[in-house]
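Good morning, colleagues. Please look at the sequence and the structure as they come up on the screen. I shall begin with the sheet and then turn to individual residues.

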Amino acid sequence: MPTMTFIMKDGTPKVVDAPNGLSVMEIAQKHDIEQIEGACGGSLACATCHVYVHPDWWDKVLPDAGDVSMEEEDMLDLAFDLQKTSRLSCQIMMRDELDGLVVALPGSKPGW
(Lines give C-alpha, C1' and ligand atoms only; values in the text may rest on other atoms or scores of the structure.)
Protein backbone atom coordinates (compact mmCIF):
# COMPACT_ATOMS: atom_id res chain seq x y z
CA MET A 1 0.00 0.00 0.00
CA PRO A 2 1.29 3.48 -0.79
CA THR A 3 2.27 5.81 2.01
CA MET A 4 2.43 9.58 2.27
CA THR A 5 3.78 12.11 4.74
CA PHE A 6 1.98 15.03 6.31
CA ILE A 7 4.21 17.76 7.75
CA MET A 8 2.35 18.88 10.84
CA LYS A 9 2.14 22.50 12.03
CA ASP A 10 4.98 21.92 14.49
CA GLY A 11 7.18 20.59 11.67
CA THR A 12 7.03 16.92 12.61
CA PRO A 13 6.36 14.42 9.84
CA LYS A 14 3.46 11.97 10.11
CA VAL A 15 3.79 9.01 7.74
CA VAL A 16 0.50 7.26 7.03
CA ASP A 17 -0.93 4.51 4.83
CA ALA A 18 -2.53 6.09 1.77
CA PRO A 19 -4.90 3.73 -0.04
CA ASN A 20 -5.26 4.23 -3.78
CA GLY A 21 -8.53 5.83 -4.82
CA LEU A 22 -8.88 8.05 -1.75
CA SER A 23 -8.23 11.77 -1.87
CA VAL A 24 -5.48 13.24 0.29
CA MET A 25 -8.30 14.90 2.27
CA GLU A 26 -9.94 11.53 2.96
CA ILE A 27 -6.57 10.05 3.96
CA ALA A 28 -6.01 12.92 6.40
CA GLN A 29 -9.44 12.42 7.93
CA LYS A 30 -8.89 8.66 8.18
CA HIS A 31 -5.73 9.35 10.20
CA ASP A 32 -7.30 12.02 12.45
CA ILE A 33 -5.38 14.97 11.03
CA GLU A 34 -7.82 17.55 12.34
CA GLN A 35 -6.31 20.53 10.51
CA ILE A 36 -7.69 19.10 7.25
CA GLU A 37 -11.36 19.81 7.85
CA GLY A 38 -12.93 19.24 4.44
CA ALA A 39 -16.13 21.07 5.42
CA CYS A 40 -17.70 20.61 1.97
CA GLY A 41 -16.94 16.90 1.88
CA GLY A 42 -14.65 17.23 -1.11
CA SER A 43 -17.13 18.92 -3.45
CA LEU A 44 -14.77 21.80 -4.29
CA ALA A 45 -16.89 24.34 -2.41
CA CYS A 46 -14.48 25.48 0.34
CA ALA A 47 -10.76 25.71 1.12
CA THR A 48 -10.66 23.91 4.48
CA CYS A 49 -8.59 21.05 3.04
CA HIS A 50 -5.79 23.29 1.77
CA VAL A 51 -2.23 21.84 1.88
CA TYR A 52 1.21 22.72 0.55
CA VAL A 53 2.61 20.11 -1.84
CA HIS A 54 6.36 19.49 -1.65
CA PRO A 55 7.89 20.97 -4.84
CA ASP A 56 9.33 17.59 -5.87
CA TRP A 57 5.76 16.28 -6.08
CA TRP A 58 4.09 19.30 -7.69
CA ASP A 59 4.01 18.06 -11.30
CA LYS A 60 2.90 14.59 -10.20
CA VAL A 61 -0.19 15.84 -8.33
CA LEU A 62 -1.47 17.99 -11.18
CA PRO A 63 -4.51 16.69 -13.06
CA ASP A 64 -4.05 15.05 -16.46
CA ALA A 65 -4.89 18.37 -18.08
CA GLY A 66 -1.65 19.68 -16.57
CA ASP A 67 -3.08 22.56 -14.58
CA VAL A 68 -5.18 23.25 -11.51
CA SER A 69 -8.82 23.81 -12.49
CA MET A 70 -10.36 27.28 -12.43
CA GLU A 71 -12.78 26.06 -9.74
CA GLU A 72 -9.89 24.96 -7.52
CA GLU A 73 -8.06 28.25 -8.18
CA ASP A 74 -11.17 30.17 -7.10
CA MET A 75 -11.43 28.19 -3.85
CA LEU A 76 -7.70 28.51 -3.17
CA ASP A 77 -8.16 32.30 -3.21
CA LEU A 78 -10.07 31.79 0.06
CA ALA A 79 -7.31 29.71 1.70
CA PHE A 80 -5.23 30.77 4.68
CA ASP A 81 -1.52 31.45 3.98
CA LEU A 82 -1.59 30.56 0.29
CA GLN A 83 1.79 29.41 -1.11
CA LYS A 84 3.14 28.66 -4.60
CA THR A 85 2.50 24.92 -4.18
CA SER A 86 -0.93 25.19 -2.52
CA ARG A 87 -3.57 22.66 -3.53
CA LEU A 88 -6.90 21.51 -2.17
CA SER A 89 -6.29 18.04 -0.81
CA CYS A 90 -9.75 16.89 -1.94
CA GLN A 91 -8.52 17.28 -5.52
CA ILE A 92 -5.45 15.03 -5.18
CA MET A 93 -6.37 11.37 -5.65
CA MET A 94 -3.93 8.79 -4.34
CA ARG A 95 -2.46 6.35 -6.85
CA ASP A 96 0.68 4.22 -7.06
CA GLU A 97 2.67 7.03 -8.70
CA LEU A 98 2.15 9.17 -5.59
CA ASP A 99 3.66 6.64 -3.18
CA GLY A 100 5.83 8.75 -0.86
CA LEU A 101 3.93 12.01 -1.47
CA VAL A 102 4.77 14.81 0.99
CA VAL A 103 2.36 17.62 1.88
CA ALA A 104 2.47 20.19 4.66
CA LEU A 105 -0.35 21.70 6.65
CA PRO A 106 -1.04 25.43 6.35
CA GLY A 107 0.73 27.38 9.04
CA SER A 108 3.69 24.99 9.08
CA LYS A 109 7.10 26.11 7.93
CA PRO A 110 8.25 23.11 5.86
CA GLY A 111 11.42 24.83 4.67
CA TRP A 112 11.29 23.79 1.08
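Predicted model: local features only at pLDDT ≥ 70, side-chain atom pairs only at ≥ 80, totals over all residues.

The model contains an open sheet of 5 strands, in the order β2-β1-β5-β3-β4, with mixed pairing. At its edges stand β2 and β4, each with a single partner strand, so one side of each is left without a neighbour in the sheet. From one strand to the next, the twist averages 35 degrees. For that angle, axes are lines fitted to C-alpha atoms, for helices over the stretch in contact, and angles run from 0 to 180 degrees between N-to-C directions.

Residues are numbered from 1 along each chain as its sequence is written, and side-chain values use heavy atoms, with hydrogens and water left out. Strands (E, at least two residues) and helices (H or I, at least four) are DSSP runs, numbered from the N terminus. Two strands pair if DSSP finds at least two bridges between them.

Let us take β1, residues 3–7. Of its 5 residues, 4 are buried; buried means under 20% relative accessible area, exposed over 50%, and partly exposed in between, with a 1.4 Å probe and protein chains only. Strand β1 pairs with β2, residues 13–17, in the antiparallel sense over 5 bridges. Here T3 stands opposite D17, and I7 stands opposite P13. The hairpin of these two strands has 5 residues between them, and G11 takes a positive phi near 95 degrees.

β1 also runs parallel to β5, residues 101–104, joined by 4 bridges. M4 stands opposite L101, and the bridge partner of F6 is V103. V103 in β5 is also the bridge partner of V53; strand β3, residues 50–53, pairs with β5 in the antiparallel sense over 2 bridges. Within β5, L101 and V103 point one way and V102 and A104 the other, and all are buried.

Next, is R87 buried or exposed? R87, in strand β4, residues 86–88, is buried, with a relative accessible area of 0%. Its side chain makes a polar contact of 2.7 Å with the side chain of E72. A polar contact is a pair of N or O atoms within 3.5 Å; within protein, one must be able to donate a hydrogen and the other to accept it, and residues adjacent in sequence count only if both atoms are side-chain atoms. Leaving aside neighbours within four places in sequence, R87 is in contact with residues including H50, W58, L62, E72 and I92, where contact means heavy atoms within 4.5 Å.

Finally, S108 lies in the segment after β5. S108 counts as buried, at 3% relative accessibility. The side chain of S108 reaches the backbone oxygen of L105 at 2.6 Å. Leaving aside neighbours within four places in sequence, S108 is in contact with I7, M8, K9 and Y52. Thank you for your attention.
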